[in-house]
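Dear colleague,

I am handing over the structure below, together with notes on what was found in it. Please keep the sequence and the model open beside this message as you read.

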Amino acid sequence: MKKLLTILATLTLAVLALAGCGGQDAASKTIKVGATPVPHAEILETIKPLLEKEGYKLEVVEFTDYVQPNIALNDKELDANFFQHLPYLDNFIAEHKEMKLANAGGIHIEPMGVYSRKIKKLDELSDGASVAIPNDPTNGGRSLLLLEKAGLLKLKEGSGTNPTVHDVAENKKNLKFQEVEAAQVPRTLDDVDAAVINTNYAIQANLVPTKDALFMEDSTSPYVNIIAVRAGDEKRPEIQALMKALKSEEVKKFIDEKYKGAIIPAF
């Protein structure tokens with residue numbers, strides 16, 4: 001009898017130990033990803049069932065700016081983030097050398113566009129018209145390159161991919177630039193003659209890029225939105241599972257059907 005009780009006690013302890021390990025394992029299989037609400041968080045929501053099939057729980061943490069998601073990732077509050085393109089990440093790392101972040105792969109392109117509530121065509125811009133652009137180096141430079149492509153200005157040769165308003169060599173319409181935080185640019189539409197807006201913020205402002213933009217980047221844009229991780233984490237099983245789900249046919253179909261060309265899959 002004592003022997004039987006000893007065996008039962010041993011089995012009970014083993015079961016409890018396994019249960020404890022299972023609980024720790026389940027916790028370790030949660031993938032925490034920071035994202036801006038549109039379209040990044042929306043896209044992430046679509047892959048939750050795919051990741052569940054692989055044994056992972058996806059937790060999406062929403063941010064409304066372009067700085068905190070990288071800080072949170074570096075501080076190990078997140079496993080990855082999804083909100084930025086590679087030129088922005090490269091510039092961020094150059095300015096914050098203590099942060100060791102890396103690109104785990106590209107997911108989609110959000111073409112930047114020029115919008116207005118005062119004109120219907122860009123050639124209607126009057127002399128001295130005011131134009132709002134993002135104030136961060138990469139998106140500010142990107143907006144100036146877009147305005148150059150639209151024929152509204154010319155930049156100095158060799159100004160690179162991050163030109164500033166000081167690199168404008170020719171400005172026939174004497175455009176006056178108002179540099180504003182990217183998330184706030186849509187709010188300037190009632191006060192300026194035109195604004196260059198990132199697609200995610202345009203969508204949040206109930207603008208339809210393919211209908212409302214007066215001029216847009218095309219699919220050749222180098223500004224592919226990526227998944228960022230801490231350097232060295234690219235091969236972690238959780239990150240590999242995340243990337244596999246994000247590059248699935250389900251996600252491609254979701255992007256095509258929901259955003260109707262305003263966002264373009266990059267895989």
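Predicted model: local features only at pLDDT ≥ 70, side-chain atom pairs only at ≥ 80, totals over all residues.

Which residue just after α10 takes a positive phi? K260 does, with a phi of about 45 degrees. Helices here are DSSP runs of H or I of at least four residues, strands are runs of E of at least two, and both are numbered from the N terminus.

Residues are numbered from 1 along each chain as its sequence is written, and side-chain values use heavy atoms, with hydrogens and water left out.

The whole protein

The secondary structure comes to 10 helices and 13 strands. Buried residues (under 20% relative accessible area, with exposed meaning over 50% and partly exposed in between, for a 1.4 Å probe and protein chains only) make up 46% of the 267 residues. Taking contact to mean heavy atoms within 4.5 Å, 75% of the contacts between residues at least 6 apart in sequence join residues at least 24 apart.

Helix α10

Helix α10 covers residues 249-259, and its buried residues are V251, I255 and Y259. Seen down the axis of α10, these fall within an arc of 40 degrees (the arc of the directions from the helix axis to the C-beta atoms), so they line one face of the helix. On the other side of α10, E249 and K253 are exposed. The cover over the buried residues of α10 includes α2, β4, α7 (199-204), α9 (237-246) and β13 (264-265).

Helix α5

In helix α5, residues 86-95, the buried residues are Y88, L89, N91 and F92. They fall within an arc of 165 degrees when seen down the axis of α5, so they too line one face of their helix. Among the elements that cover them are α4 (68-74), β3 (80-85), β4 (101-109), α6 (137-149) and β12 (224-230).

N70 and its surroundings

N70 lies in helix α4 and is buried, with a relative accessible area of 0%. Leaving aside residues up to four places away in sequence, N70 touches N81, F83, Q84, Y88, L89, F92, M99 and L101. The side chains of N70 and N81 make a polar contact at 2.9 Å, where a polar contact is a pair of N or O atoms within 3.5 Å, of which, within protein, one must be able to donate a hydrogen and the other to accept it, and residues adjacent in sequence count only if both atoms are side-chain atoms. The C-alpha atoms of N70 and N81, which are 11 residues apart along the chain, are separated by 7.2 Å.

Two strands pair if DSSP finds at least two bridges between them. On that basis β1 pairs with β2 (residues 57-62) in the parallel sense over six bridges, and the bridge partner of A35 in β2 is E62. β1 and β3 also run parallel, joined by three bridges, and G34 stands opposite N81 in β3.

T36 is placed in the loop between β1 (30-35) and α2 (37-46), and this residue is buried, with a relative accessible area of 0%. The side chain of T36 makes a polar contact with that of H40 at 2.8 Å. Beyond residues up to four places away in sequence, the residues that T36 touches are A41, F63, D65, Y66, F82, F83, N200 and Y201.
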